[in-house]
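The entries follow the order in which I looked things up.

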Amino acid sequence: MSSVQTAPGARRSWRRRASALLASSSLLLTGLVVASSASPASAEEVTISDGTVTWGVRTSWRNYAGPGELSDGLTANAKGEYQWKVESGTYDDETRRLELQTSGTVHWSLHDGALDLTLSDLLLVLDGDEPQVLADVQSKSESTGEMVDYGVIPLTDVDLNSGDVEVADGTTTWSPLDTRLTQEGIRIFSGNYGSGALFDPVSAVYTGPGGKPEMTSESFAAPGSLGFGLDKTVTDVMAGVVTTVPDVARGVVHLGTSSQLQAYDADTLKPIGSPSSPAFFGSWNSYPAPVLHVGSGAIVGNSSNRVIARTWDPETKTYDTDQLLTGLVGQVAYDRFADRVVAITADSCTSSRSPTASGPRPRTR
Ligand code: HEM
């Protein structure tokens, strides 16, 4: 094990460590004694002094809060991800534990200073037990308006299995690894992201040996987290979207406003073809919500007291329309066991096995 492995809460960044050492020589002595007695230096441990850790916090955060004010040598690449300069580090050949201490500061101030967040001196720890991105953090509390100095805390857990490590010509490169917000990180973003929220991937390149530690922990997501994260964001959608019908098997996501239905490519989230015309849904609301008939890809929903099936044609990039029944529609549901759509009106329950232009077969019970 490495001589610098400590519990996450007890980790101190190089700058904090340096100032604490200058401030108190007795602390210096105590610190040295504790460090050396806790874990003797390993013969396999190599020191690192040169490299870069790339981590942009979270893209949606930068879209909201901006790039921030960079200092202490911090820079950003073309994608806006911060380039943290490695100041020191260690790699243990035996355990393959890597620790990279960087320098650099990014500071955001928004809403007339109500939001005031500073991240400094990123620390990347890649070990098999608790791989994490840590930083020295100060963030103003939204509820009290007081500045809180959190010290060095783990911001994200890192998924070692989401990337790989390559060693060539004395340089080690870690390809981007997924990161997810820790429990400790929730407070500094004022609770706007849940534990386990996907943050920007972290990557690193440094001079020195490297390798992938063997995972000894079982789970990467924080306990109790949903494990969902932002994948893609659509920014150029038509206004007034009230419903979304994903048909990922066919590579399409259908977005509906109260007057139109538009297909989007499920991968790129760019619009395909033109919006449907005339209106798919009733002009007054989108209730009940439309459903996907998985077998045919038809979207079945209410349109001014009619049940309409609209089937996307990938060739012509248009929708075929079918009217299945008329009447006040209370509910439309998809029965996945029988691959049929069931519509409930005031006096009937109708099922349709193939609500397509070529052959809707409504049956009323
Ligand atoms: C007067 C105080 C504040 C106001 C008026 C405010 C306003 C907002 C608004 C309008 C959004 C939604 C932005 C969007 O979806 O486009 C938002 C999101 C957010 N706010 Fe604040 N906020 C305030 C304070 C704070 C504080 C103190 C923090 C702590 C760091 C914070 C962190 C966030 C985060 C993390 C998001 C989510 C950004 C994302 O989309 O990823 N806010 N805020």
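Entry 1, a sheet with β16. I looked up strand β16 (residues 261-265) and found that it pairs with β17 in the antiparallel sense over 2 bridges. Strands here are DSSP runs of E with at least two residues, helices are runs of H or I with at least four, and both are numbered from the N terminus. Two strands count as paired if DSSP finds at least two bridges between them. Ala263 has Ile272 in β17 as its bridge partner. I then traced the open sheet, whose 4 strands come in the order β14-β15-β16-β17 with antiparallel pairing. Its edge strands, β14 and β17 (271-272), each pair on one side only.

I note that this is a predicted model, in which local features need pLDDT of at least 70 and side-chain atom pairs count only at pLDDT 80 or more, while totals for chains, interfaces and linings use all residues. Residues are numbered from 1 along each chain as its sequence is written, and side-chain values use heavy atoms, with hydrogens and water left out.

Entry 2, a second open sheet. Here 4 strands stand in the order β18-β19-β20-β21, and the pairing is antiparallel. β18 (291-293) and β21 (318-326) are at the edges with a single partner strand each, so one side of each has no neighbour in the sheet. From one strand to the next the twist averages 30 degrees (axes are lines fitted to C-alpha atoms, and angles run from 0 to 180 degrees between N-to-C directions). Strand β20 (residues 306-313) is joined to β21 by 8 bridges. I found Val307 opposite Leu325 in β21.

Which strands did I find joined to β5 by 4 bridges? Strand β1 (residues 45-48) is one, antiparallel to β5, and strand β2 (residues 51-55) is another, also antiparallel to β5. Val46 has Tyr91 in β5 as its bridge partner, and Trp55 stands opposite Tyr82. β5 and β6 pair over 6 bridges, with Lys85 opposite Ser103 in β6. The hairpin of β5 and β6 has 5 residues between the strands, and Arg96 in the turn takes a positive phi of about 60 degrees.

I took a salt bridge as a side-chain nitrogen of Lys or Arg within 4 Å of a carboxyl oxygen of Asp or Glu. By this rule I count 8 salt bridges. In one of them, the side chains of Glu214 and Arg96 meet at 3.8 Å, N to O. Glu214 lies in the loop between β13 (198-207) and β14 (243-247) and Arg96 in the loop between β5 (82-92) and β6 (98-103), so the pair ties together parts 118 residues apart in sequence.

What is the single donor from the protein to the iron atom of the ligand? I found Tyr64 (OH), 2.0 Å away (donors are N, O and S atoms within 2.8 Å of the metal, or 3.2 Å for Na, K and Ca; water is not among the atoms, so sites may look incomplete). Tyr64 is in helix α3. A polar side-chain atom of Ser60 is 2.5 Å from an oxygen atom of the ligand. An N or O atom in the side chain of Tyr193 also lies 2.5 Å from an oxygen atom of the ligand.

Notes. A polar contact is a pair of N or O atoms within 3.5 Å; within protein, one must be able to donate a hydrogen and the other to accept it, and residues adjacent in sequence count only if both atoms are side-chain atoms.
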